[in-house]
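Subject: Structure for you to look at

Hello,

Here is the structure I said I would pass on. Please open it first, then read the notes below it.

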Amino acid sequence: MSFDTVSVLGLGYIGLPTAAAFAGRKVHVIGVDINSRAVETINQGNIHIVEPDLDIAVRSAVTQGYLRATIKPEPADAFLIAVPTPFKADHEPDLACVEAATRSIAAVLKRGDLVVLESTSPVGTTEFVAEILAKERPDLSFPQQRGEASDVRIAHCPERVLPGHVMRELTQNDRVIGGMTPRCAERAVELYRIFTAGNCLVTDCRTAEMCKLTENSFRDTNIAFANELSIICERLNINVWELIRLANHHPRVNILTPGPGVGGHCIAVDPWFLVHSAPAEARLIKTAREVNDGKPHLIIDKVLNLAKSQVNPVIACFGLAFKADIDDLRESPAVEITAALAATGVGRVIAVEPYVQALPAALQQKGVELASIEVALNSASIVVGLVDHRSFRELDRTLLQGKSVIDSRGMWVARRESDSNAA
Ligand code: SAJ
């Protein structure tokens, strides 16, 4: 049985590219989002987020009539839930959006439908979705009640695409597909096969949930190791960039890159779901989160110490995005650092961010100025490297002469690659 119509709930960084991927394979897609402005924008063939090549895919999908957005769910053969799963103040997972999206599809669900949870979720969330649907629709049967004989199939298939490379990774990455039963997984494989060139790896829904959390916790822990090294090296007066470059020549060592902290809405969030599920056991994962979350404060202290030794210091913060060569400022340590520096009133704070036209309100209110590289370097006495955007990496180093430089990404002052004979 093919899928004539697929509905994607949540038209954000994951849902919209996924909707466009199905539509690109000539499947009719009904995109659902509670944000009516996003819905209008998409129906005009435009996009409300920035992701390379997404604009072209959405425009063509809408123009050809394969993608339509709406605020209210409509009947479909498959429903993909791709809504945010943030955490609350105490790092407790916040499943309110998943719950609301699930309730919203209950009324239009029919026998034979497939429901897939794509949102990164704590272990047990797919079963939670199934419980909600079973309560809302006592006239239908679900896998937890009827196993393979259920009317509705339910699975988890976590998204694993890298922001900035979503359109390529969406079709090429392998997918982990966890069914509530083997047939649920089989049906979900049929769905993802429509646009996925990668392997579809089948498991149960709890393992699939844990797998996504494991991937991001693995990366967070490895970044924490690099960040901790940078802190130790600071104390011992060793060049961390040179150290890591040398250590990485070992055939079984591959240390990641220290930075000003870990940003974005995934790696800084997902490990907490594991910590919350197993607080006594997830000790390393929790510590890694703490090491990474502590890094912005160390950079702030370093800049403040320098600034206090200068008369009328002017601080230029290079970069606001959460990582290089993207425009996404969400959960960005660079924004946190820039805002905190401005809030101290220690001196003038200039932000350089080629990927934005205007500063976020929080920075504007604190008096941060947005400037080009040239204007910032003309005025700055302290230059803080926070994001390794290509245009910053390629900066003429002589422009930094005579300034105090704090290079949290190792893009200007610290690599000493030219000193070595390494290939
Ligand atoms: N970072 C470092 N040092 C490094 C690597 C990264 O400081 O060596 C920082 C970045 O600057 C950034 C943060 O970590 O602030 C996260 O960046 P990232 O590129 O590691 O990851 P994300 O958040 O863009 O995407 C991750 C990916 N997960 C993994 O690589 C395991 C992606 O595949 C997931 O789909 C995505 O999270 C997600 O949505 O969960």
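Helix 1 is mostly covered, with nine of its ten residues buried. Buried means under 20% relative accessible area, exposed means over 50%, and partly exposed is in between (1.4 Å probe, protein chains only). Helices (H or I, at least four residues) and strands (E, at least two) are DSSP runs, numbered from the N terminus. The buried residues of helix 1 include Gly15, Leu16, Pro17 and Phe22.

Before going on, some notes on the model. This is a predicted model, in which local features need pLDDT of at least 70 and side-chain atom pairs count only at pLDDT 80 or more, while totals for chains, interfaces and linings use all residues. Residues are numbered from 1 along each chain as its sequence is written, and side-chain values use heavy atoms, with hydrogens and water left out.

The chain has a mean pLDDT (the predictor's confidence in each residue, from 0 to 100) of 95, and 97% of its residues reach 70 or more. Over residues 417–423, however, the pLDDT is below 50, and this stretch has four contacts in the model beyond near neighbours in sequence. Contact means heavy atoms within 4.5 Å. Where pLDDT is low, the predicted coordinates should not be read in detail.

Next, the cores. A nonpolar core is a set of buried Ala, Val, Leu, Ile, Met, Phe, Trp, Tyr and Cys residues joined through side-chain atoms within 4.5 Å. The largest one has 43 residues, of which Val6, Leu67, Leu191 and Tyr192 touch the most other members. Helix 1 gives the largest share of this core, six residues. Apart from it lies another core, of 30 residues, including Ile315 and Leu386. Leaving aside neighbours within four places in sequence, the contacts of Val6 include Phe22, Val29, Leu80 and Leu191.

Which residues of helix 3 are buried? In this helix (residues 54–63), they are Leu54, Ala57, Val58, Ala61 and Val62. These lie on the same side of helix 3 because they cover an arc of only 120° around the axis; the arc is that of the directions from the helix axis to the C-beta atoms. Ile56 and Thr63 are exposed, on the face turned away from the buried side of helix 3. Among the elements covering the buried residues of helix 3 are helix 2 (36–43) and strand 3 (67–70).

Most residues other than glycine have a negative phi. Lys26, in the loop between helix 1 and strand 2 (28–32), has a positive phi of about 65° although it is not a glycine. His91, in the loop between strand 4 (78–81) and helix 4 (96–106), has a positive phi near 70°. His91 is partly exposed, with a relative accessible area of 24%.

Arg137 is in the loop between helix 5 (125–136) and helix 6 (143–146), and counts as buried at 13% relative accessibility. A polar contact of 2.8 Å joins its side chain to that of Asp139. Such a contact is a pair of N or O atoms within 3.5 Å; within protein, one must be able to donate a hydrogen and the other to accept it, and residues adjacent in sequence count only if both atoms are side-chain atoms.

Finally, the ligand. A polar side-chain atom of Asn216 lies 2.7 Å from a ligand oxygen.

Regards
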